[in-house]
Amino acid sequence: MDFLRFRLFLSLLTISGINMHSGDTLKHQGLRSKLLTEIQHKGITDEKVLAAIGKVPRHLFMDSSFIRFAYQDSAFPIASGQTISQPYTVAFQTQLLQVEEGMKVLEVGTGSGYQSAILVEMGLRVYTIERIRSLFLEAQLRLSELGYSAHFLYGDGYEGSPSYGPYDRILVTAGATEIPDKLKSQLKPGGIMVVPVGTSGHQDMIRCVRKGSDEFEITMHGGFVFVPLLKGKRES
Ligand code: SAH
């Protein structure tokens with residue numbers, strides 16, 4: 001292929017949206033489709049969830065020392081001693097949430113912002129809350145650079161954010177010791193919350209559906225390991 005034809009080929013790739021995010025190459029896209037096959041084998045069936053995992057460039061949410069592992073199905077450390085969840089876990093929680101386009105979702109535990117980007121990619125109105133100020137600031141910048149629009153809140157997710165509620169869905173991405181009452185009260189009637197509940201080192205994935213003003217249906221969906229949901233805010 002001569003030089004001009006090669007340039008034309010590159011611009012066609014860009015026009016067709018293949019290289020929408022700078023730093024997202026065909027190699028990354030190939031690794032993402034392998035990751036999709038892997039999480040499908042582990043039981044993820046929701047097409048909308050799979051499409052979002054296939055689109056969001058996870059390597060752009062990772063700490064620089066782990067970028068080359070971005071498409072392994074594993075959790076990795078991010079700044080401030082926290083983690084970016086395993087893609088299977090992100091997909092599993094999102095699948096349990098049973099979202100529909102346009103719903104208002106509160107995510108507790110912004111972390112890297114990867115899960116928030118998945119929810120935005122699925123057409124949801126996303127409110128995400130983080131207790132560590134530096135992570136809140138970094139995730140906000142990262143998502144805006146990548147063109148994902150979400151509302152970022154700095155605060156204690158145990159309290160939720162009643163002023164923007166009630167929510168169709170609430171997704172907690174850190175391990176709680178019990179289902180937080182204040183979050184239950186911020187669910188719309190019929191709303192669903194997915195929250196890992198347990199001790200440090202082991203949580204059960206819980207789905208909590210608001211059936212009536214004081215009536216909740218609780219179901220359990222297997223064991224996971226998350227960093228703990230902690231009370232209060234942290235400056236750095
Ligand atoms: N959803 C994240 C995973 C982050 S790990 C991602 O996709 O990368 C869990 C996050 O929850 C951490 O960043 C931690 O600081 C945060 N967290 C823990 N307790 C919290 C609380 N009470 N309120 C808000 N965020 C909290």
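Pro166 sits in the loop that joins β5 (151–154) to β6 (167–172), where helices (H or I, at least four residues) and strands (E, at least two) are DSSP runs numbered from the N terminus. The peptide bond leading from Gly165 into Pro166 is cis, with omega near -5°. The model is a predicted one, in which local features need pLDDT of at least 70, side-chain atom pairs count only at pLDDT 80 or more, and totals for chains, interfaces and linings use all residues. Residues are numbered from 1 along each chain as its sequence is written, and side-chain values use heavy atoms, with hydrogens and water left out.

Two further loops hold a backbone feature worth a look. In the loop between β1 (76–77) and β2 lies Ser80, whose phi is near 60°, a positive value in a residue other than glycine. Ser80 is partly exposed, at a relative accessible area of 24% (buried means under 20%, exposed over 50%, and partly exposed in between, with a 1.4 Å probe and protein chains only). Gln98, in the loop between α4 (87–97) and β3 (104–108), likewise is not a glycine and has a positive phi, of about 45°. The relative accessible area of Gln98 is 43%, which makes this residue partly exposed.

Turning to the ligand, 26 residues surround it, and the closest are Ser112, Glu130, Asp156, Gly157 and Leu230; a residue counts as near when one of its heavy atoms lies within 4 Å. By class, this shell contains eleven nonpolar, eleven polar and four charged residues. Here Ala, Val, Leu, Ile, Met, Phe, Trp, Tyr, Cys and Pro count as nonpolar, Asp, Glu, Lys and Arg as charged, and the others, Gly among them, as polar.

The backbone takes part through Gln115, which has a polar backbone atom 3.0 Å from an oxygen atom of the ligand. On its own the ligand has 580 Å² of accessible area, of which the protein covers 99% (Shrake-Rupley method, 1.4 Å probe). Which elements give two or more residues to the shell around the ligand? They are β2 (83–84), α5 (114–121) and β4 (125–130).

Methods:
Polar contact = N/O pair within 3.5 Å; in protein donor to acceptor, adjacent residues only side chain to side chain.
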